[in-house]
Amino acid sequence: MKRKIFVTLWLLAPVILLAYHYGPGQAALARDKAAALARQALAFEKGEEWPNAVETYKEALAALPAEDKASQFRLRLAAANARMYTGELPDAMLDLDGLLADIRKSGTHGEAERARVSEAEAQAG
């Protein structure tokens with residue numbers, strides 16, 4: 001009896017793994033890809049390659065699942081910050097205004113505070 005249960009569970013394991021892979025596993029793969037792109041964008045920032053950083057942040061945003069709002073907000077903030085260094089300050093400030101409005105709508109107040117600080121730094125500097 002125990003052997004039949006064990007064999008049945010063993011045969012169902014691939015089905016369960018495939019269900020995870022094609023279900024929630026796809027979101028995890030997308031997050032991993034976005035994280036790799038964000039690390040690459042940070043490397044561009046450290047090398048002061050601002051246009052490349054902005055483009056890589058945009059790619060990372062496109063790779064993220066739609067339900068991962070907090071990560072989207074962080075990437076949009078980083079992209080706007082990098083955009084300031086490319087000489088596109090007015091566009092970066094518009095991006096920050098849009099980001100702040102989206103954060104307020106979503107109710108993620110910790111992210112809103114960081115965006116406000118970044119916007120204040122941009123206006124001051």
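**Notes on a helical chain and its side-chain pairings**

1. Let me start with Glu 88, which counts as partly exposed at 32% relative accessibility. For the labels used here, buried means under 20% relative accessible area, exposed means over 50%, and partly exposed is anything in between, using a 1.4 Å probe and protein chains only. This is a predicted model, where local features need pLDDT of at least 70 and side-chain atom pairs count only at pLDDT 80 or more, while totals for chains, interfaces and linings use all residues. Residues are numbered from 1 along each chain as its sequence is written, and side-chain values use heavy atoms, with hydrogens and water left out.

2. Which residue does Glu 88 meet in a salt bridge? That would be Arg 83, side chain to side chain, at 2.5 Å from N to O. A salt bridge here is a side-chain nitrogen of Lys or Arg within 4 Å of a carboxyl oxygen of Asp or Glu. Arg 83 counts as buried, with 16% relative accessibility. Both residues belong to a network of salt bridges that also takes in Asp 91 and Asp 95.

3. Now for the overall picture. The chain has six helices and zero strands, so the order of elements from the N terminus reads α-α-α-α-α-α, helices (H or I, at least four residues) and strands (E, at least two) being DSSP runs numbered from the N terminus. Of the 125 residues, 33% are buried. The chain exposes about 8300 Å², and 61% of that comes from carbon and sulfur atoms; accessible areas come from the Shrake-Rupley method with a 1.4 Å probe, and for residues only the protein chains shown count as cover. Take the contacts (heavy atoms within 4.5 Å) between residues at least 6 apart in sequence: 44% of them join residues at least 24 apart.

4. The structure holds eight salt bridges. In one of them, the side chains of Arg 31 and Asp 68 meet at 3.1 Å, N to O. Arg 31 is in helix H2 (residues 24–46) and Asp 68 is in the loop between H3 and H4, so this pair ties together parts that are 37 residues apart in sequence. Arg 31 is partly exposed at 33% relative accessibility, whereas Asp 68 is buried, with a relative accessible area of 13%.

5. Besides the salt bridge with Arg 31, the Asp 68 side chain makes a polar contact with the side chain of Ser 71 at 3.2 Å. A polar contact is a pair of N or O atoms within 3.5 Å; within protein, one must be able to donate a hydrogen and the other to accept it, and residues adjacent in sequence count only if both atoms are side-chain atoms.

6. Is Glu 67 buried or exposed? Glu 67 is exposed, with a relative accessible area of 55%, and it lies in the loop between H3 and H4. Setting aside neighbours within four places in sequence, Glu 67 is in contact with Ala 27 and Arg 31. Glu 67 and Ala 27 are 40 residues apart in sequence and 9.4 Å apart in space, C-alpha to C-alpha.

7. Another salt bridge to check is the one between the side chains of Arg 76 and Asp 102, at 2.7 Å, N to O. Arg 76 lies in helix H4 and Asp 102 in helix H5 (residues 89–106), so parts that are 26 residues apart in sequence are tied together. Arg 76 is partly exposed at 25% relative accessibility, and Asp 102 is partly exposed at 26%.

8. On to the rings. Rings of Phe, Tyr and Trp (its six-membered ring) pair if their centres lie within 6.5 Å; planes under 30 degrees apart count as stacked, over 60 as edge-to-face and the rest as tilted. The count comes to two aromatic pairs. Phe 6 and Trp 10 are stacked, at 6.4 Å centre to centre with 20° between the planes. They are four residues apart in helix H1 (residues 2–22), so about one helical turn separates them. Trp 50 and Tyr 85 are stacked too, at 4.2 Å centre to centre and 15° between the planes. Since Trp 50 lies in helix H3 and Tyr 85 in helix H4, this pair ties together parts that are 35 residues apart in sequence. Trp 50 is buried at 15% relative accessibility, while Tyr 85 is exposed at 53%.
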